[in-house]
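Keep the viewer open and follow along.

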Amino acid sequence: MPSLLPPPPPTSAAVVHHYSRLLAAAAAAGSLHALLPIHARAVVRGISGNPAFATSLLAAAAPASLAYARRVFDAAPHRDAYLWNTLLRAHAHSHFSHAADTLALYKRMRAAGIAPDHYTYPIVLPACAAARAPRLGRAAHGDAVRFALAGDGVFVERGGDGSRTIVSWTAMVAGYVQNCFFGEAVALFGTMVSQGVLPNEITLISFLPCLQGQEWLATGEMVHGFVVKLGFDANIPLVNALIFMYGKCGSIAMAKALFEGMTARSLVSWNTMVAMYEQCGHAVQAIKFFRRMIAEKVGFDCVTLVSVKSACARSGALETGKWVHEFARSHGIDTDARTGNVLVDRDARNTESSNILIS
């Protein structure tokens, strides 16, 4: 269907990129309220129908309101596979949606004549398993073969003796985790290990995010054991994932011990600690850790500042928030949208005007 919107101006690519960054920043606040003004301005600028912007808006809105995300999708004049995949993923991630809803949307996608791609099936196949829909799963696999996507290890990669390879296991584990089917991911990981297939570093990094909550601490410790046993404990991204897992499972002391024991750390390692403290409700510790980063001349980036400003918002530390903002400005980072829009959350908690912290 041809677009009803006027053709975008030549500079629209830069404008769309700018507004997409604003959306990503506002999404950090976890509130639909922060997205609405950006959406309104995009309509005025004539870019709301741009596929890239619509996809960014849908992805940003879905965690706060799946219904709003659906309205964004329905209003989009152009719906490519990327937009469909984004809505499929939003349904799979939502606590207010069932796997059957994801499958119904997939059927709608196919009925609309949209050819799926290799991003579609890591969403759809775990949904088939979760909904106990083997017939649809076989049909989806058939579609994958027909669209020549079955070569992606998720579907058919096997060893010379017909057994599944670690690539196949890892792809399925990652598909479950990315679509929030955590129970299925844990069960599949256990089956893999019981069949004598040892995980590799990618398997473990893919698996760790599903371990959230004290009840999964023992499983996390088992994974940590694999890391040590298999000699992966020098892998910085993997240790970062372990740190965040321990934080999510309530073992802050173990997370800190892992960090302190690292012989080499990346900026992501430091950001992981700040984010862990902030997300686990230890706002004061997050702020102290940021001060330590500065004292040790580690450096910081916009990701750091999102966590620190969120910590200031959570703890009501307005004066510290002002200091962080001015410090960021002095280092030329005040123009990054995320470092300002994250404070929408603070303004929802406090009545003080936001013009002190957002320039």
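Which residues of the largest nonpolar core touch the most other members? They are Leu211 and Ile243, in a core of 100 residues. This is a predicted model, in which local features need pLDDT of at least 70 and side-chain atom pairs count only at pLDDT 80 or more, while totals for chains, interfaces and linings use all residues. Residues are numbered from 1 along each chain as its sequence is written, and side-chain values use heavy atoms, with hydrogens and water left out.

**The nonpolar core**

- A nonpolar core here is a set of buried Ala, Val, Leu, Ile, Met, Phe, Trp, Tyr and Cys residues joined through side-chain atoms within 4.5 Å.
- Buried means under 20% relative accessible area, exposed over 50%, and partly exposed in between (1.4 Å probe, protein chains only).
- Leaving aside residues up to four places away in sequence, Ile243 touches Ala255, Leu258, Phe259, Met262, Thr272, Met273 and Met276; a contact means heavy atoms within 4.5 Å.
- As background, nonpolar side chains tend to be buried together in soluble globular proteins.

- Helices are DSSP runs (H or I, at least four residues), numbered from the N terminus.
- Because 11 of its 14 residues are buried, α17 is largely enclosed by the rest of the structure.
- The buried residues of α17 include Lys309, along with Cys302, Leu305, Val306 and Cys312.
- Just after α17 comes Gly316, with a positive phi of about 70°.
- In the loop between α16 and α17 you will find Lys297, whose phi is near 55°, a positive value in a residue other than glycine.
- Lys297 is exposed, at a relative accessible area of 74%.
- For comparison, most residues other than glycine have a negative phi.

**Salt bridges**

- How many salt bridges does the structure hold? There are five, each counted when a side-chain nitrogen of Lys or Arg lies within 4 Å of a carboxyl oxygen of Asp or Glu.
- Asp74 and Arg108 form one of them, at 3.2 Å from N to O. This pair links distant parts of the chain, with Asp74 in helix α4 (residues 66–75) and Arg108 in helix α6 (residues 99–111), 34 residues apart.
- Both ends are partly exposed: Asp74 has a relative accessible area of 44%, and Arg108 has 40%.
- Glu260 meets Arg265 at 3.6 Å, N to O, and Glu260 also meets Arg292 at 2.7 Å, N to O. The Arg292 pair links distant parts of the chain, helix α16 (residues 283–295) and helix α14 (residues 252–260), 32 residues apart.
- Salt bridges that share partners join Lys256, Glu260, Arg265, Arg292 and Glu296 into one network.

**A serine in helix α11**

- Ser206 sits in helix α11 (residues 201–207) and is buried, with a relative accessible area of 18%.
- The Ser206 side chain reaches the backbone oxygen of Ile202 at 2.8 Å.
- Not counting residues up to four places away in sequence, Ser206 touches Thr170, Ala174 and Val177.

Conventions:
Helix = DSSP H or I, 4+ residues; strand = E, 2+ residues; numbered from the N terminus. Polar contact = N/O pair within 3.5 Å; in protein donor to acceptor, adjacent residues only side chain to side chain.
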